[in-house]
Structure formats: structure tokens, C-alpha cells
Amino acid sequence: MTSIMSDGKTKTIRFFVMLALAAFMAGVLAMAVATMSVSAAAEETAQEEETEQEEVAADMLRGAQNGDEAEAAEATGDAKSDEAEPSANRQASEAEPEETRPAEETTQVAAVQDPPPVDERQPTAILFESVGERRCIGGVLCESYCIEDDNKCEIETNLNIRLDSPQKITMIQLNAHDNIGATRRSRLHIKVDGKPAAATLVYRAGSSLAIPLDVTGQLITIESMHQHNGFELGGEEAIVWDVFVLGDKTGG
């Protein structure tokens, strides 16, 4: 009885041992297959890299050959152009005498042309001057102002200047102030032959005024008006002295 049980245990142990050996062999076989697959993939990758390197090297070689051919062609073209330039220069030099002859003739014709007419007008000159005479124009307060010893002046409604003949007037220069009475907002108006030509403010403390003009005329009228908030009215006095009229003498 005991021997039968021993035989059964022995068989069972053998079975498990054989099963373990079979499993071990299967694992070893699987590992070998996996190793072979990895090796094959690595070989394929290496072959692909070698193929790519060979293609790149071939492309570089072809590019270098093409560059050498392009340089050779360019050098040939330069040489041809160098050869063509002397002949072109020779042709240009041969054609120069025919082209320069008309230019020389044109220069000679231009040299005998009449010179442009000379402007007979003289440079800017003094057409009128009044130095030292003080005039009060523009308002009723002039009479009471000018009788004082320190304020001696001539009283005139307007300052009128008549030239000997119509002249080109370019500027009027004068000194003026409006320190007369309670209001001091004088503005001078300049007319030439009765037409408005320019206007300028007069300051209380006095100032030298230069009034540019560009008009031809003979009678110059200088009026003084009161400027109040932008509206110009009569009745504002101004003292005027040292008057100069500048322009071009036309000799008319």
C-alpha cells in the first residue's frame, strides 16, 4: 500500500518537473526569436542609413560637378564679352566724329545768340522820406495832445504822400505810437491811389514798423482807426514820424 502511494507521488513530481522544463524551453525559444527580430531590424536600419549617406554623397558630387560646369560657362561668357568689347569700342570710336560734329555746330550757334534783355529798373531805392517831423492823425484828441511842449506835432486827418510819378512801391517804414487818451488800440491802414494795400497795429510804447507792399501807384494815404474787439472804427489817434517809402524807380 505504501509503495503504491510513493509511485503516485513520484509520477506527479515528474509531471510538474517536465512541465517546468517545457515552460523554460518555451521562454528561451521566445527570447531567441525576439533577439533575432531586433537584430534584423537593426540591420535594416543600418542598411537604410548607409543608403541615404551614399545618396547624399552622390548628390554633393553632382552639385560640385554642376558648379564647376557653371563656373566654366561663366568664364567662357566673360571671355567672349571681353573679346566683344574691343570691337564695340572700335565701332564707337569710329562713329564719334559723325556724332560730335552737330554738337559743335550747335555750340557755335548758341554762342552768337543775343544776350537776354537787361532790366532797366534800379534796385530798391528811397522814393520818399520824412525825418524828424511828428504828425498826429486819426482823432479829435490830437489838438489837445500836440499843444503840450513835450508833444509838439503837426495835426492831420490822414498822412498823404504824393510821389512825382507812379512808382513800384515795395515797402513803407515808419515809427508810430498810440499813447494818446484813454483808449490805445490804433491800427494804421495804407491805401495806394485810394485802394487798400496793407494794415498794421500800432503799439502804445511805440515801435518801428516795416509794412511790405507790392503795388504801383503815386498817392499813398495812411489812416489811423480804432480797433475794438476786432471791429475797426474811426476816431483813434496815432503819432507817426520818420516815414520812408521804398521801391523801384521806373523813371516814368
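A polar contact, as I use it here, is a pair of N or O atoms within 3.5 Å, and within protein one must be able to donate a hydrogen and the other to accept it. I'm working from a predicted model.

**Entry 1: Asp178**

I looked up where Asp178 sits, and found it in the loop between β4 (159-177) and β5 (186-192). Is Asp178 buried or exposed? Its relative accessible area comes out at 0%, and the cut-off for buried is under 20%, so I noted Asp178 as buried. Next I checked what its side chain reaches, and got the backbone nitrogen of Arg204 at 3.1 Å. That falls under the definition I opened with, within 3.5 Å.

**Entry 2: the cores**

Which residues have the most contacts inside the largest nonpolar core? I wrote down Ile169, Leu174, Leu188, Ile190, Ile220 and Ile222, out of 22 residues in that core. The elements giving two or more residues to it are β4, β5, β7 (207-228) and β9 (238-248). β4 gives the most, with seven residues.

I also found a second, separate core of eight residues, with Tyr145, Cys146, Ile180 and Ile239 among them.

Back to Ile169, for its contacts. Not counting residues up to four places away in sequence, Ile169 touches Leu127, Leu163, Val192, Leu213, Asp214, Val215, Gly217, Ile220, Val245, Leu246 and Gly247. Ile220 is also on the most-contacts list for the largest core.

**Entry 3: a patch on the surface**

I went looking for nonpolar surface and found a patch of about 400 Å², made by Ile13, Val17, Met18 and Leu21. I picked Ile13 to check, and it lies in helix α1 (residues 2-111). With a relative accessible area of 54%, Ile13 is exposed, because the cut-off for that is over 50%.

**Entry 4: the whole chain**

I counted two helices and nine strands, in the order α-β-β-α-β-β-β-β-β-β-β along the sequence. How much of the protein is buried? Buried residues make up 22% of the 252. Of contacts with a separation of 6 or more, 76% are between residues 24 or more positions apart. The protein exposes about 18,100 Å², and carbon and sulfur atoms supply 56% of that.

Definitions and conventions
Residues numbered from 1 in each chain as written. Predicted model: local features only at pLDDT ≥ 70, side-chain atom pairs only at ≥ 80, totals over all residues. Heavy atoms only, no water. Helix = DSSP H or I, 4+ residues; strand = E, 2+ residues; numbered from the N terminus. Buried < 20%, exposed > 50% of the residue type's maximum accessible area, 1.4 Å probe, protein only. Patch = residues over 30% accessible without salt bridge, like charges linked within 9 Å, V, L, I, M, F, W, Y side chains within 5 Å. Areas by Shrake-Rupley, 256 points an atom, 1.4 Å probe, with all protein chains shown as cover. Salt bridge = Lys/Arg side-chain N within 4 Å of Asp/Glu carboxyl O. Core = buried A, V, L, I, M, F, W, Y, C linked by side-chain atoms within 4.5 Å. Contact = heavy atoms within 4.5 Å.
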